[in-house]
Amino acid sequence: ATRARGADFDAIVVGAGFGGLYAVHKLRDGLGLDVQAFDSADDVGGTWYWNRYPGALSDTESYCYRFSFDKELLQQGHWKSRYLTQPEILDYLSGFADRFDLRRSYQFGTKVTAARFDESAGLWNVTTDKGRTLTAKYLVTGLGLLSATNKPPFKGIDGFKGETYHTGAWPEGIDLAGKRVGVIGTGSTGVQVIIALAPVAKHLTVLQRSAQYVVPIGNGPESEERINEYKAQYEAIWKQVKESAVAFGFAESTVPAMSVSEAQRERVFEDAWKRGGGFYFMFATFSDIATSPEANAAAADFIKRKIAGAVKDPDTARKLMPTDLYAKRPLCGTDYYDVYNRANVTLADVKADPIAEFTPTGIRLQSGAEHELDVVVFATGFDAVDGNYTRIDMRGRSGVTIREKWKEGPLGYLGMMESDFPNFFMILGPNGPFTNLPPSIETQVEWISDTIAHMERKGARTVEPTQAAEDEWIAACRTIADMTLFPKAQSWIFGANIPGKKNAVMFYMAGLCNYTKALNSVKESGYGAMIFDREPAMVV
Ligand code: FAD
Ligand code: NA7
């Protein structure tokens, strides 16, 4: 590529997780672009750099929570258990960065604070918290969809004399042994940290707002033989993963739950319970758990009976009983409900009796009940999907800001592009697929790289989606989401976890297979949905 006039770089990449790292490799080593990359973290890893809390684990199985494009790297893969722990994933991504010498393209410990598109120069001006502004033709962001932490501003928190930690910004070397620990939040992170801390803490108080459906994860050691079997079958495995909907490596069921007898249904649920896996339980048992209220109720009822059977104290069991649909991100963990049988664990229902304030020595609920704590763990999740975008001062054509444009909810064409934001590509941006993420990240980065290659061949200066294409994609995402039960449950998937955030469709829920088809059809149509070299004068 020939450097655009006046540009410091061909491309600026933000993020050093799966997405950013692969983008640097594809653009720099594949297309020969001059790339500068940034991450506010001090090293690579993204999610797995920040989430060092006890128990942090991927719940995608080890053999498919990784890149698939590099056959040699796949054959070198090693793992101990059916699921990867945070240190193992961090180690994998660190090895990936070494393998392609990616760190030399990064400036770490550097946050991007502003990104402005200069229409006359046709360049992105990217400003960092180190006070520098650099220019590049392309801006590629892998900011993470679960990466902007959400720490609710509880009253009195500054006066709390103990320690507080958010799971998504967990410092290294924290020892909570022998301490009185409170955990706020029972999403997938809360479930993991609760299971890990219960045997360690002197006392663990779980402050639960919404009871959740948690199925077993089915973790355990994986033998050398089993790993070698995966390696021998990788070609077929990745084909299946990329042609499936949720891309978790199992075949999704095609059988509606009500088409079989009650006894058969029970057997299928029981087998899935024994096998373990959250997405497996929701998508491999029956085809319509996430779409049919009846099927959903059957799955929910099965899990509720398991909760009742596991928890000894009836009052605690009652508090743990979910009341919502089984339509949030499916959760799993080892012996989660048994934690509440331990003498050193207390469950506080903070929906019935909300957190009023932090006191110097703990948390006080509205009823006046006090929990004395040395440490409070915030497992309160993330300002998901668009949170890291709206935290940057991003401006496209005519100075339009992303905050303004996404006021009613984030928009994203194919989960990657944005009208009025030329030469801007997001990895896992809004309205992208809801899947095991590395296969979707790979698909997107490869598509971004192909689109940039196409631009360079054409000698195009800018590319952006048409407003019509973007509107059509957003409408399709809404239609698809409304065919599922997910919008009816309150969770981060639709932005419901952040007070004041508009309920919006943030995912394309028709699966990776259909998503890839959509991308291919854009490419095969000669990028008909895009405007190349739009004149600034056309801006109204
Ligand atoms: P991330 O890994 O989130 O990386 C984004 C990077 O961008 C971060 O390092 C951040 O510091 C940087 N950044 C953001 N904004 C700026 C800025 N303004 N300036 C500079 N740098 C910036 N997915 C699955 O598929 N399966 C799982 O089992 C699974 N488990 C998860 C468990 C936890 C606890 C969490 C939090 C997430 C999990 N995920 C899982 C989702 C996970 O985020 C993705 O799988 C994947 O790691 C995302 O990679 P990414 O590169 O897109 O983003
Ligand atoms: P989640 O799934 O958003 O869970 C956050 C939890 O924190 C959830 O139980 C919330 O209750 C709770 N929460 C949030 N704010 C409050 C306040 N103000 N008071 C009490 N409780 C609160 O985040 P996770 O980190 O667990 O998981 C996010 C994704 O990361 C996950 O799906 C994986 O893909 C990885 P609520 O349910 O809203 O009532």
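1. Pairing of β16 and β17. In this predicted model, strand β16 covers residues 362-365 and pairs with β17. The pairing is antiparallel and runs over 3 bridges. Within it, I363 faces H371 of β17.

2. The sheet around β16. These two strands belong to an open sheet of 3 strands, ordered β15-β16-β17, with antiparallel pairing. The edges are β15 (355-359) and β17 (370-372). Each has a single partner strand, so one side of each is left without a neighbour in the sheet. On average, neighbouring strands here are turned by 20° against each other, direction ignored.

3. The parallel sheet. Another open sheet holds 5 strands. Its order is β9-β18-β10-β11-β14, and the pairing is parallel. The edge strands are β9 (163-166) and β14 (345-349), each pairing on one side only. Neighbouring strands of this sheet are turned by 20° against each other on average, again with direction ignored.

4. Which strand is joined to β9 by 4 bridges? That is β18, residues 375-378, and the two run parallel. One residue pair can be named: Y165 has V377 in β18 as its bridge partner.

5. Helix α5 spans residues 188-197. The helix lies across β10 (180-184), β11 (203-208) and β18. Its direction is at about 165° to β10.

Definitions and conventions
Residues numbered from 1 in each chain as written. Chains lettered and ligands numbered in written order. Predicted model: local features only at pLDDT ≥ 70, side-chain atom pairs only at ≥ 80, totals over all residues. Heavy atoms only, no water. Pairing = 2+ DSSP bridges. Axes fitted to C-alpha atoms, helices over the stretch in contact; angles between N-to-C directions. Contact = heavy atoms within 4.5 Å.
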